[in-house]
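Let's take a walk through this protein together.

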Amino acid sequence: MDSEFGFLINPLKGDFLGVSIIPLSDHANRLKAIQKDSNRDGFYYPPQIASYSVDLITNKRKDKVERSEKPATVFFLPSSHQISIQNPICKDGEKGTDEALIVFLLAYIYGTRLMPSQWKFDGRVPIKPVNNIYITSATSLHFIEHVYTWWKTLNESQRIKFVNILYVFNRARSLEWDWDAFLHQYMVFDALYNFHLEFKPYLKELKPTHKMRFNILCDAYSLFNEDLINRIYNARNNLFHEAMWVKSTIGFGSPDGDAYQLPRYLSELNSQIICGITGYKNKYTRLPWWTWQTLEFDKII
């Protein structure tokens with residue numbers, strides 16, 4: 001199967017396990033157009049749309065309806081790459097496809113949001129990387145090859161769950177409100193815990209609290225930071241049980257001047273768990289997720 005996806009600013013090219021990824025021939029021109037239409041903050045925002053009257057005989061568009069302009073709820077972005085997959089493991093009609101896995105993995109590793117060409121975006125889309133990862137093209141292809149090999153050993157339900165985790169993780173990057181991004185990242189964390197149970201079923205007997213889930217995952221992947229875990233856990237309780245964002249009404253800021261950092265911390269924690277849960281245990285998975293410095297995503301030997 002041959003299809004396209006975008007928009008990845010890196011002109012990545014590579015082959016592995018019957019998968020071929022190549023940038024489109026006019027990738028440079030497409031990139032210039034995307035950057036021209038993007039905001040200086042590094043995001044591409046939904047285009048403006050409007051309603052038009054239609055000629056009932058010819059079915060052709062006529063005049064624009066007055067005061068009908070609004071940002072598009074969903075929209076397409078131009079493609080940047082072509083992807084070809086020989087002998088995909090997914091069956092027709094299966095929700096989590098081979099293509100979706102690879103495209104979402106690329107978005108995960110390059111700090112953006114990508115979609116197969118037939119999928120629509122919603123909300124703003126990061127064009128500049130929003131993660132703190134440095135990775136070479138060779139390492140990114142090696143990582144995706146590893147994950148694709150591992151993913152094909154899973155059953156259908158597990159494959160769908162993992163693709164969905166990547167989708168929500170990447171979608172959180174489009175959100176503007178701190179509390180909204182945090183909520184999505186917490187959903188990812190909870191989904192990662194339940195996915196972890198697929199391989200450690202004995203943990204189900206513990207019936208752990210949400211706080212214990214942090215302890216279990218952080219211990220499993222050597223990522224523990226007690227102070228930050230407590231802050232994230234308390235913010236979760238405040239949001240879920242009181243509909244407040246760190247002791248404040250949603251949308252009105254927070255008395256905690258560092259509350260805006262919590263979605264980023266949780267995102268970086270999730271990022272390292274995602275990498276570790278696939279078995280790609282490189283140095284990156286053991287680096288402090290609470291740092292704001294750029295972390296090298298290295299190749300396992």
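If you search the whole structure, you find two cavities of 30 Å³ or more. On a 1 Å grid over the protein atoms alone, a cavity is a set of points where a 1.4 Å probe fits but cannot get out, while a pocket is an open set with protein on both sides within 12 Å along at least five of seven lines; lining residues have an atom within 4 Å of a point. Points are joined across faces, edges and corners, and the volume is the space filled by probe spheres set on them.

Before we look inside, a word on what you're seeing: this is a predicted model, where local features need pLDDT of at least 70, side-chain atom pairs count only at pLDDT 80 or more, and totals for chains, interfaces and linings use all residues. Residues are numbered from 1 along each chain as its sequence is written, and side-chain values use heavy atoms, with hydrogens and water left out.

The largest cavity has a volume of about 40 Å³. Its lining includes Phe5, Gly6, Trp119 and Phe121. Strand S1 (2-6) and strand S11 (115-116) are the elements that give two or more residues to this lining. (Helices, H or I with at least four residues, and strands, E with at least two, are DSSP runs numbered from the N terminus.) By class, the lining of the largest cavity has eight nonpolar residues, three polar and no charged. Here Ala, Val, Leu, Ile, Met, Phe, Trp, Tyr, Cys and Pro count as nonpolar, Asp, Glu, Lys and Arg as charged, and the others, Gly among them, as polar.

Now find Gly6 again: a cis peptide bond joins Gly6 to Phe7, with omega about 0°. Phe7 sits in the loop between S1 and S2, and Phe7 is also one of the residues lining the second largest cavity. That second cavity has a volume of about 40 Å³.

What about open spaces? The largest pocket holds about 380 Å³ of space. Of its 19 lining residues, the closest to the centre are Ala172, Leu175, Ala181, Pro263 and Arg264. Helix H8 gives the most to the lining of this pocket, four residues. In this lining you'll find nine nonpolar, four polar and six charged residues.

Stay with H8 (residues 262-277), where Ser271 is found. Is Ser271 buried or exposed? Ser271 is buried because its relative accessible area is 3%; buried means under 20%, exposed over 50% and partly exposed in between, using a 1.4 Å probe and protein chains only. Ser271 touches Tyr108, Ile133, Phe169 and Tyr284, not counting residues up to four places away in sequence, where contact means heavy atoms within 4.5 Å. With Tyr284, the side chain of Ser271 makes a polar contact of 2.7 Å. (That's a pair of N or O atoms within 3.5 Å; within protein, one must be able to donate a hydrogen and the other to accept it, and residues adjacent in sequence count only if both atoms are side-chain atoms.)

For a contrast, go to Asp15 in strand S2 (residues 14-16). Asp15 counts as exposed because its relative accessibility is 61%. The side chains of Asp15 and Ser20 are joined by a polar contact of 3.0 Å.

Last stop: Asn59, which has a positive phi of about 65° although it isn't a glycine. Asn59 lies in the loop between strand S6 (52-54) and strand S7 (61-64).
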